[in-house]
Each structure stands twice: as C-alpha cells, then as structure tokens.
Amino acid sequence: MSIAVRFRHAYPGFALDVDLDLPGRGVTALFGHSGSGKTTLLRCIAGLERATGRLSIDGAVWQDDDTFVPTHRRPIGYVFQEASLFPHLSVQGNLDFGMKRAQRAPSFPAREGGAGGGRDNGCRPAGADFQHIIELLGIGTLLDRKPDRLSGGERQRVAIARALLTAPRLLLMDEPLAALDLARKNEILPYLERLHDELEIPVLYVSHAPDEVARLADHIVVMEGGREVAQGPLIDVLSRLDLPIRLGEDTGVVLDGTVVERDENWQLARIGFSGGTVWVRDGGHALGHPVRVRILARDVSIAREPQHDSSILNCLPAEVAEIADDAHPALALVKLMLGKSAVVARLTHRSACGLGLKPGAQVYAQIKAVALIG
Amino acid sequence: MHASDLAAIWLTLKLAGLTTVLLLLIGTPIAWWLARTRHWAKGPVGAVVTLPLVLPPAVLGFYLLVLMGPDGPVGQFTQSLGLGLLPFSFAGLVVASVIYSMPFVVQPLLQAFEAIGERPLEAAATLRASPWDTFFSVVVPLARPGFITASVLGFAHTVGEFGVVLMIGGNIPGKTQVLSMAIYNHVEALEYAPAHWLAGGMLVFSFVVLLVLGTFKPALRKP
C-alpha cells in the first residue's frame with residue numbers, strides 16, 4: 001500500500017507544492033512551523049480543501065483532473081485540533097454517528113497485498129472493534145456523558161475513537177494535542193503510542209512539536225513554505241545535520257531498540273540498539289520489549305579517551321561522520337556513528353578544534369541523558 | 001363574544017399557522033444559502049429578504065395589490081392557471097403574510113446557522129455524512145433554538161398584521177377579516193367592550209410569546 005500525493009495550488013499568500021509517496025504503514029509526521037502548509041496538505045488529502053493535483057491511495061484515485069471524491073466518500077478518519085464533538089449528542093451518540101454511516105456505506109475495495117498478518121483493521125466493519133477501541137482509548141465510563149461534561153483530554157480521546165470506529169483506511173490527525181495543556185498532553189500520548197503499536201492503518205500526523213514527533217512517528221515529512229524539504233524514516237532524517245528546519249534545543253536523534261537488561265538494584269534498564277547499548281531509567285518494560293529512546297544533541301559530549309571517573313553512565317566508542325555549523329556561529333553539530341546508528345552532538349567549534357575532530361576520527365560519545373519515550 | 005369575532009380569531013390562527021409552516025419551508029433554504037454562500041448575490045438577496053422589516057406595511061400591501069391584481073404580472077399568471085385573483089382571498093392573505101413575515105423567520109435562522117460554523121460540518125463529512133445527511137442530523141439539531149425563535153416570531157408577527165391585510169385582503173368577515181381588523185371595526189362602531197376583549201387577548205398573547213422566547217434565549221447562547 002502506498003499513498004501518492006501530488007498537489008500544486010496557489011492560495012492567497014501561500015502556495016502548496018508537494019509531490020510525495022508516503023508509506024502505507026506506520027505514523028508519518030507532517031512536521032513544520034505554522035504556515036508551512038502541513039495542515040493545508042492534510043485537509044487536501046481529506047478533501048476538505050480543494051487543490052489542483054492528484055491523490056491516490058493504494059491505487060484508488062481520490063482526486064485527479066477528472067475525479068474528486070467528496071470527503072464523505074473517502075474512507076478516512078480525521079482528528080481535528082479541537083475535538084469537534086457534536087454537542088447535541090452524547091459520547092455514545094458521537095461514536096455511533098460515524099460508525100453507523102461507515103457500516104451502511106458501500107464497502108471500499110479491499111486493501112491490496114494484505115500486509116499485516118491475520119488482523120486487518122483497515123477494512124473490517126467497525127462493529128467488532130467497538131469494545132477494543134473503547135478500551136484502547138479508555139473511554140468506557142464516559143459513554144453516557146455529553147461532550148460539555150468532558151475534560152479536554154477526554155474529548156480528544158473520544159474524537160480519536162470516533163474517527164477509528166469508521167474503520168478508516170487512512171487516519172489523519174491535525175495537531176490533536178496542540179490545544180491541550182502539558183498535563184492533558186501527557187495523558188493522551190500513551191494512548192497514541194498504543195494506537196501506534198496496534199493499528200494496521202497508516203497515520204498522517206501533523207505536528208509542530210518535536211517531542212511528539214520523536215515519540216510517535218516512524219517517518220517524517222518536513223514542510224516549509226508549502227514545500228516538502230526533507231522526508232524519510234524519522235531516525236535517518238533526525239540525524240541529518242543539513243536539516244533545513246532548525247530545531248534549536250530540540251535537535252537530537254531517536255533510536256529504536258529493545259530492553260536487554262534490567263538492573264533492579266538501581267532501577268535502570270539497558271537498551272540495546274544496533275551499535276551499542278545505553279542505560280536509561282527503568283520504564284517498567286519487560287526484557288525484549290521494543291522501546292524508543294531520544295538523545296538530544298545538547299546532552300552528548302565527545303571525549304578522545306574513555307572517561308572512567310565521570311558521573312556519566314553512557315560512554316560509547318564512536319566515529320565522527322560529519323561536522324556542520326549550528327545556528328549560532330560558536331556552535332557545531334557533530335554526527336557520530338555508533339555502529340549503524342547515528343547520534344548528534346552539539347559542542348563549540350573551539351572544543352571541536354581542540355579535540356582535532358575530523359570525519360573518521362575515533363572518539364567516545366558521552367551521553368548525559370537518554371529519554372525513554374515509549 | 002360575537003360569532004364574527006370567533007371567526008376572526010380562528011382565521012387569524014389559521015393564517016399565522018399556515019404562514020409559519022410555509023415560511024419555515026421557504027426560509028430555511030434561503031437562510032442556509034445566505035449563511036454559507038460567498039456569491040455576490042448574497043448582499044442583494046439578504047437585503048430583499050429583510051426589506052419587509054423596514055418597509056411601511058401599506059407600501060408593501062400596495063405593491064402586492066398591484067402585482068396580484070388583474071393587470072399585474074402575478075395576477076395574469078394566476079388567472080392563466082385558472083386560479084382567479086389573489087387579492088381579497090385567504091390565499092392572497094397567505095402569500096402577503098409569507099412575504100411580510102419573511103425577515104422574522106430568516107434572520108433567527110441565519111444567525112443560528114452562522115453560529116454553527118464550519119467545523120461541525122467538516123467533522124460530519126469526515127464521518128461519512130453526505131451534505132443532506134449533515135443538514136438534518138447536525139445542522140437542524142444544533143440550530144434548534146433558532147428554529148424555535150423563528151417559528152414564534154413568524155407566528156406572532158403574522159397575528160399582528162394590519163396594514164398589509166387592509167390593502168390586500170380588505171375586511172370580509174369569515175374570509176379575510178383577521179383579528180386586528182375585527183378590533184378596528186369594533187372601535188369604529190364605538191363597541192369598546194368587545195374591542196377590549198380582543199385587544200386584551202392580544203396583549204396577553206404577546207406577553208406570553210416574549211416570555212417563551214426569553215426562556216429559550218439562554219439556550220441560544222450556549223455553545
């Protein structure tokens with residue numbers, strides 16, 4: 001399955017110009033600053049906005065020169081920034097709204113390839129999944145309530161469930177956490193991570209928050225001024241030093257690994273990834289559990305010799321791959337290869353010069369902080 | 001109470017009821033179009049629909065009389081259909097009332113539709129609801145207070161009609177003689193007692209209408 005998106009359209013004061021082949025699995029983040037066109041792109045894919053171009057999902061054409069499938073005939077789920085629940089309906093009524101209509105609608109052509117083993121949430125009627133989705137989002141106790149009796153986080157969880165219950169073949173999420181405060185955000189993120197693990201359908205996730213993207217995305221499309229400026233697997237794109245979007249303090253990489261050791265004594269877990277292992281605070285995951293860690297560039301320093309008398313737990317042999325300028329002229333970004341995995345370190349040009357760093361140099365990466373992000 | 005007074009009350013209720021139903025049927029699509037469109041005709045159409053609000057009833061009645069009379073285009077049309085002429089008939093009163101009370105139905109509906117905004121419609125579309133489906137399952141329930149206000153105002157305004165009726169319907173008992181006409185006749189004949197009964201009844205009716213509207217207003221403001 002693949003999603004082919006090509007839009008070229010001039011709006012007043014803004015032009016959208018994208019040509020993308022998005023993966024048919026996992027979470028793809030559409031990432032960029034506000035005004036970069038990411039929400040417009042998402043709305044065009046949903047058919048809520050008209051742009052000249054071509055859009056096909058899995059070979060089914062949703063839009064080209066002769067075709068425009070209206071939004072209500074596209075097998076999508078859409079989660080808006082604010083929950084947009086219908087205020088005149090209870091939570092149950094809101095969930096039923098899309099579910100009943102999706103079941104009544106003529107079934108959409110079956111997914112080609114059938115990737116995803118025995119489970120196929122993509123085109124099965126939603127009815128069977130009702131309990132599962134309710135449990136997944138933890139809204140079982142809210143069904144009789146009206147939306148104005150819900151908290152912001154609960155509303156958004158209901159909105160996500162409502163979208164999933166239409167058995168969409170593509171889930172579109174437009175900054176679903178942006179309207180929430182930090183506490184609500186942290187309340188919803190675990191649910192989104194569970195979705196990520198359990199859903200078989202592709203998700204397009206619009207966000208301008210690097211931490212959300214780091215936690216949830218598998219792929220990333222970086223947007224700027226209505227254009228795509230970088231795209232690819234998240235792990236690769238984040239380790240690029242020429243990323244046109246400056247992330248500032250959020251510059252850093254993510255690594256996918258598994259729990260290989262748990263130290264009950266010190267409440268630590270050792271995460272193995274291709275190229276080494278790092279110690280993190282134990283997140284309670286079982287041995288062998290797949291996890292993702294995030295390492296910010298500001299938390300990585302470089303030493304020529306291994307440091308044994310240091311408070312830093314994670315000190316790994318590495319090879320300098322690339323050195324580039326950071327936003328401030330005093331700072332440099334250094335890409336280090338730990339086996340096949342890359343981390344980025346931020347240091348001053350003075351330090352880089354003092355250590356004689358050059359591509360190919362053998363060094364030690366001292367990682368001061370590793371965040372376990374699910 | 002005179003039999004003619006009862007007939008006038010019944011005629012008035014019949015006229016107001018029929019007018020309100022017709023206005024909801026006609027006014028809803030007009031208000032929906034006005035709320036949604038970006039067409040250049042939005043301004044002119046909106047003004048025409050609101051015109052009866054500011055126009056003296058006598059002026060409106062005069063033009064309707066001319067239009068629907070034997071030499072007017074509408075009159076010629078109804079005659080060619082074999083329907084005869086509308087002035088001085090109950091049907092003529094209904095047509096005139098629909099035009100006269102139009103803004104009182106369209107305005108509350110327009111405001112209610114505009115207050116709904118784009119988002120619920122978009123949400124409904126992403127949940128597989130067609131535009132018609134969305135209108136009946138989302139717009140109508142959300143605009144319910146607007147529909148109530150529109151119905152009450154349209155009905156009450158038609159009940160209070162005088163000038164237009166005078167111009168177009170005359171004063172035929174049992175056929176076009178409405179309540180306000182009956183009051184006028186009683187006062188002309190110096191029969192103050194029946195005039196009091198009818199006028200007092202109207203006063204109570206109007207008060208109740210405003211009371212009912214007042215209890216629904218808070219619902220309008222609720223998100």
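Guide: In the hairpin of β9(A) and β10(A), two residues lie between the strands, and A:G225 takes a positive phi near 55 degrees. This is a predicted model, in which local features need pLDDT of at least 70 and side-chain atom pairs count only at pLDDT 80 or more, while totals for chains, interfaces and linings use all residues. Residues are numbered from 1 along each chain as its sequence is written, and chains are lettered from A and ligands numbered from 1 in the order in which they are written.

Strands here are DSSP runs of E with at least two residues, helices are runs of H or I with at least four residues, and both are numbered from the N terminus. Two strands pair if DSSP finds at least two bridges between them. Strand β9 of chain A covers residues 219-224, and six bridges join β9(A) to strand β10, residues 227-233 of chain A, in an antiparallel run. Within this pairing, A:E224 has A:R227 in β10(A) as its bridge partner.

β9(A) also pairs with strand β3, residues 27-31 of chain A, through four bridges, and these two strands run parallel. There A:T28 stands opposite A:H219 of β9(A). β9(A) is mostly covered, with five of its six residues buried, where buried means that 20 or more other C-beta atoms, placed from the backbone, lie within 10 Å of the residue's own.

Elsewhere in chain A, five strands form an open sheet in the order β13-β12-β11-β14-β20, and the pairing is antiparallel. Its edge strands are β13 (276-281) and β20 (371-372), each of which pairs on one side only. Six bridges join β12(A), residues 268-273, to β13(A) in an antiparallel run, and A:G276 in β13(A) is the bridge partner of A:F273.

Chain A also meets chain B, in a contact that takes 18 residues from chain A and 14 residues from chain B, counting two residues as in contact if their C-beta atoms, placed from the backbone, lie within 7 Å. On the side of chain A that touches chain B, β6 (76-79) and α2 (91-104) each supply at least two residues, and α2(A) gives the most, with four residues.

Definitions and conventions
Buried ≥ 20, exposed ≤ 12 C-beta atoms within 10 Å, placed from the backbone.
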